[in-house]
Amino acid sequence: MYEQVIVFSIIVLILILFIGGRIRYDFVSLGGLVLLVFSGVISPEDAFSGFSHPAIITVAAVLVISSGLVKTGVIDNIVAALNKRSRSSSVIMTKLMMITALLSGFMNNIGALALVLPVAIKVAREHKFSPSRILMPLAFSALLGGMMTEIGTPPNLIISSYRKDYGLESFGFFDFAPVGLTVTILGIGLMVLLGGKLIPKRKTVGVDQLFNIGDYLSEIQVVESSKLVGKPMMDINKVYKLDIDVLSIIRNDQKIVAPGPREILVPDDILIIKALSQDLADLVDKTRVLLKGTKKSLVIEESLIKSRDTALVEVVLRDDSPIVGRTALETKLRNRYSINLVAVSRKGVYSVDRLKSITFRAGDILLIQAPTSILKDIYSKLGCLPLAERGVEIYPDRSKWKLYFTAGLFVFSVILATTGIFPVQVAFVFTATALVLFRILTPREFYDAIEWPSIIMLGSLIPLGSALQSSGGSDSIASVLLKASSILSPTLMIGLLMILTITLANLISTSATAILMGPIALSIAMATGTSPDPYLMSVSVAASAAFMTPIGHQTNMLVMGPGGYRFTDYWHLGLPLTILLVIVGAPMVLLVWPL
């Protein structure tokens, strides 16, 4: 009983911290693991056993393979092929949801959304409708699609491993498809029919109009008598203590975009700067430069602050971004990442005022000026996703043989896993390693592709699931649920288990929900002497149904800023989708996996 109290107390503490969001989920999970060891519930020898769990290995391998599929252009070709010959916005949106769901079944949910997100925003811009109309359905499609295969989402891998703990074989690669595919098709159909009516209409604008940066840019000229002549550009900030960003220098009709801090200024240099009125007035007064145009009279062309080598891109911050909770000044964006932060948009409201002191949040959209050659590294290091296509080629060295080789290798690994020749973790680690050995990915790209915060969270929480089971905690919860079984039919019992799982999934991560609910599903099966399959499968489907809040899954959070959504917007479409999933999912589970 003592151990149960400890386990339940730690679970409640973790849930509170997850919901609060003040501490990152990976550190919350790691802290919970440490508490379990200190309390004696888990032995020090078993503390980190979760990191060798097959689900962890498979998740990491899938992330690496997804990176290879993106880099070689396999995914781009699929998206382009399916979007051909479509002019109707409704048809295109339906196709985008189907593409997102399909990709999500074979790669990381976030990766699938990231690939389709720029295309969706482009469609919204071309057809002149708000991105809010399509971005939430895309996020939900990514969650639905992940239900279709064993590797589609971490909850499926976790639940599959629990079946093995029961003494049975793990679920097969496509064992999730009958229920997952049915729910996905019906869910997309619901969103096509009712999405336009249920999604709150937000007055968001196209990405091109998201940042009216011209209003905050000015043009100054360094004249002969200016104190800046012969001085490095860094003096503007260090010597004169002015909060001014120089985005471009025009010298002898040549552009120097995103000039370095040591660039020496010469007479007749024209500087395109971003500054507030007071800082601009102080610059003119202290350095004797000539103000050529202000926001009232100057129309700044975007081409002045970007070039072939320097891009101007919009990115959205993921919730595992290392800069979330920090300011631009603290993260040293310019010195550490070679980035100029031009503007920030939060929930559709943009700002250029004192950007260095703004504390970044997950879902923020940043307009950045950065070298084209390191854009991919920036996306990885900042933990962000590009929002708009601006003709920037991140992978200029794509070749046909790499595309076909990577696609073939992936299909081969799926065949190995599906036929049972090798377990899924072995098949996919083989493919991930082969991508490096054949130089499709570099060793650095291999490690950068892995979402280490997610790996830390899963590896830390898996022992918590084991502790819930070994302490008898899962049996205690199961006994409470079993009291309802005397008055409920098996279908309603499965539905009740799904509702409890969905409630938890919308408050914490989907993976954490699967880890906590899996042992409870097994305890119900053991107590009733029935097959564990329907209970495990219902938890697997429900754990991915985080449709009603933005905090349930990263895909929901990522579209919050670009779509201009509020926290309470999600349940408008999410609740009907959840009801559909339970009504259809419960009988389907029992049909495919009878008691």
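Student: What makes Arg444 partly exposed?

Tutor: Its relative accessible area is 44%. Buried means under 20% and exposed over 50%, with partly exposed in between (1.4 Å probe, protein chains only). Arg444 at 44% therefore counts as partly exposed. Keep in mind that this is a predicted model, in which local features need pLDDT of at least 70, side-chain atom pairs count only at pLDDT 80 or more, and totals for chains, interfaces and linings use all residues. Residues are numbered from 1 along each chain as its sequence is written, and side-chain values use heavy atoms, leaving out hydrogens and water.

Student: How do you know that Arg444 and Asp448 form a salt bridge?

Tutor: A salt bridge is a side-chain nitrogen of Lys or Arg within 4 Å of a carboxyl oxygen of Asp or Glu. The N to O distance for Arg444 and Asp448 is 3.5 Å, so the pair qualifies. Asp448 is partly exposed, because its relative accessibility is 33%.

Student: Why are Arg444 and Asp448 separated by about one helical turn?

Tutor: Because they are 4 residues apart in helix H18 (residues 443–449). Helices here are DSSP runs (H or I, at least four residues), strands are runs of E (at least two), and both are numbered from the N terminus.

Student: How many salt bridges does a search of the whole structure find?

Tutor: The search finds 7. One of them joins Asp533 to Arg163, with the closest N and O atoms 2.6 Å apart. That pair links distant parts of the chain: Asp533 is in helix H23 (residues 533–543) and Arg163 in helix H8 (residues 154–165), 370 residues apart. Both Asp533 and Arg163 are buried.

Student: Why does Val429 count as partly exposed?

Tutor: Because its relative accessibility is 31%. Val429 sits in helix H17 (residues 424–437). Its C-alpha atom is 9.0 Å from that of Ser413, 16 residues apart along the chain.

Student: What lines the second largest pocket?

Tutor: A pocket is an open set of points on a 1 Å grid over the protein atoms alone, where a 1.4 Å probe fits, with protein on both sides within 12 Å along at least five of seven lines; lining residues have an atom within 4 Å of a point. About 1,100 Å³ of space lies in the second largest pocket. Of its 43 lining residues, the closest to its centre are Tyr25, Asp319, Ala362, Ile551 and Met557. The largest share of the lining, 4 residues, comes from H1.

Terms used
Grid points are joined across faces, edges and corners, and a volume is the space filled by probe spheres set on the points.
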